[in-house]
Amino acid sequence: MKRGLVLGKYMPVHNGHLNLIDFALTVCDELIVWVCESDQEKMPGQIRLKWIQEIYKNNPRVVPVLFQYNESDLPNTSVSDEEVSYVWSQAIKTNLPKIDVIITSEKYGDYVAEYLNIEHCFFKTTKMVSATLVRTQPYQYWHEIPEPVKPYYYKKICLLGTESTGKTTLVQKLAAYFNGDYVLEVGREVVPDSNECTFNDLEVIAKEHAIAIQNKASLQNRILFVDTDIHITKSYADYLFNSELEAEPWIIQANHCDLYLYLDKDAPYIQDGTRFSEDDRNTLDSYHKNTLKKQGINYQLIQGNWDDRFKKCVEAVKDMFMNL
């Protein structure tokens, strides 16, 4: 039996990795996919390992193996280096069964193969997109992400704030910028005029909005931007009726988001004939913030003119992916 080896960080697994693995399967009988996780990396190795296991669950020839190491012992480098390759070749010899062929698309494969006295099979390919780009800009390289990996990067982002702070416009602009989806608040559909809202209307709004979020979330299209959430609806109940709005667990779960951006009331007030007065709108802002504090919702405060708000929201979203 001829045993092959491909190794990498797979942070994350993307289609370029799968092309290499599929090629490697043509030159060996059994293929070890060595998922290397250093002590300095944020993305858990177990997650990366599970991605490989899921993708190749129907191919018993693929043997995913997690290797955890300290960078102080094993150096990381993106450059093919003979000394580094020697250190890694010894790690391969120590931690894996006998390898007959290593398959790579890099020069280091020659060095490792020489040190281990095995064959190096070079995978000729056009330069594939780097995992760093896929990791930090998944919304741009979504087509490079295998289906089992997409849930890790699919994110829901909620824009909160009182009336006339730009939520509706911003969720649409952000969805277009990141090529994602958006959900508008359903409040205007249920109650065209804020001044005519009833408690029963709020209950209807809570359910209808949660259903709308669920429907869009099922598509898992990169990023979902949500205009308002259940906490704001609860705040309206407190402000208008001095009552607590109860929400079923499925509604709470549907409204859970990965990032909350709160649009502050420093935006110009625009009365369209259906909104509260400016004073009431500003009082409502305090209720919203108090409700979020009580519910333990951490948010980033977004201030400034309309252009500034958009730019700050874009940066907040990008920062979120950089920290994954």
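Modeller: The largest share of the lining of the second largest pocket comes from α7, which supplies 5 residues. The model is predicted, and so are the positions described here. Helix α7 covers residues 167–178, and each of α7, α8 (187–190), α9 (199–217), α10 (230–241) and α13 (306–322) supplies at least two residues of this lining. The pocket has a volume of about 670 Å³. It is lined by 32 residues, and the closest to its centre are Lys167, Thr168, Glu185, Arg188 and Asp227. By kind, the lining residues divide into 10 nonpolar, 13 polar and 9 charged.

Two of the helices named above, α9 and α10, also touch each other. Two packed helices are described by the angle between their axes and the distance between the axes. For α9 and α10 the axes come within 10 Å and cross at roughly 175°. An angle over 145° counts as roughly antiparallel, so α9 is roughly antiparallel to α10. On the α9 side the contact is made by Phe199, Leu202, Ile205 and Ala206, and on the α10 side by Ile230, Thr233, Tyr236, Ala237 and Phe241. The residues of this contact divide into 8 nonpolar, 1 polar and no charged.

Helix α10 has another partner, helix α12, which covers residues 278–294. The axes of α10 and α12 come within 9 Å and cross at roughly 120°. That angle makes α10 oblique to α12, and the crossing is right-handed. From α10, the residues His231, Ile232, Ser235, Tyr236, Asp238 and Tyr239 meet Asp280, Thr283, Leu284, Tyr287, His288, Thr291 and Leu292 of α12. Here the division is 6 nonpolar, 5 polar and 2 charged. Tyr236 of α10 is listed in the contact with α9 and also in the contact with α12.

For comparison, here is the largest pocket. About 1200 Å³ of space lies in it. It is lined by 41 residues, and Gly8, Thr77, Ser78, Glu106 and Tyr108 are the closest to its centre. The elements that give two or more residues to this lining are β1 (3–8), α1 (15–24), α3, β4 (101–104), α4 and α5 (131–136). Helix α3 gives the most, with 4 residues. The lining divides into 21 nonpolar, 14 polar and 6 charged residues.

Helices α3 (residues 82–95) and α4 (residues 108–116) pack against each other as well, with axes that come within 9 Å and cross at roughly 50°. They are therefore oblique to each other, and α3 passes α4 in a right-handed crossing. The contact is made by Glu82, Ser85, Tyr86, Ser89, Ile92 and Lys93 of α3 and by Tyr108, Tyr111, Val112, Tyr115 and Leu116 of α4. These residues divide into 7 nonpolar, 2 polar and 2 charged.

Most residues other than glycine have a negative phi, and most peptide bonds are trans. Tyr10, found in this loop, has a positive phi of about 55° although it is not a glycine. Pro12 lies in the loop between β1 and α1 too, and the peptide bond from Met11 to Pro12 is cis, with omega near 5°.

Methods: Residues numbered from 1 in each chain as written. Predicted model: local features only at pLDDT ≥ 70, side-chain atom pairs only at ≥ 80, totals over all residues. Heavy atoms only, no water. Axes fitted to C-alpha atoms, helices over the stretch in contact; angles between N-to-C directions. Parallel < 35°, antiparallel > 145°, perpendicular 65-115°, else oblique. Left-handed = near helix turned anticlockwise from the far one by under 90°. Contact = heavy atoms within 4.5 Å. Nonpolar A, V, L, I, M, F, W, Y, C, P; charged D, E, K, R; others polar. 1 Å grid on protein atoms, 1.4 Å probe; cavity = no way out; pocket = protein on both sides within 12 Å on 5 of 7 lines; lining within 4 Å. Points joined across faces, edges and corners; volume = space filled by probe spheres on them.
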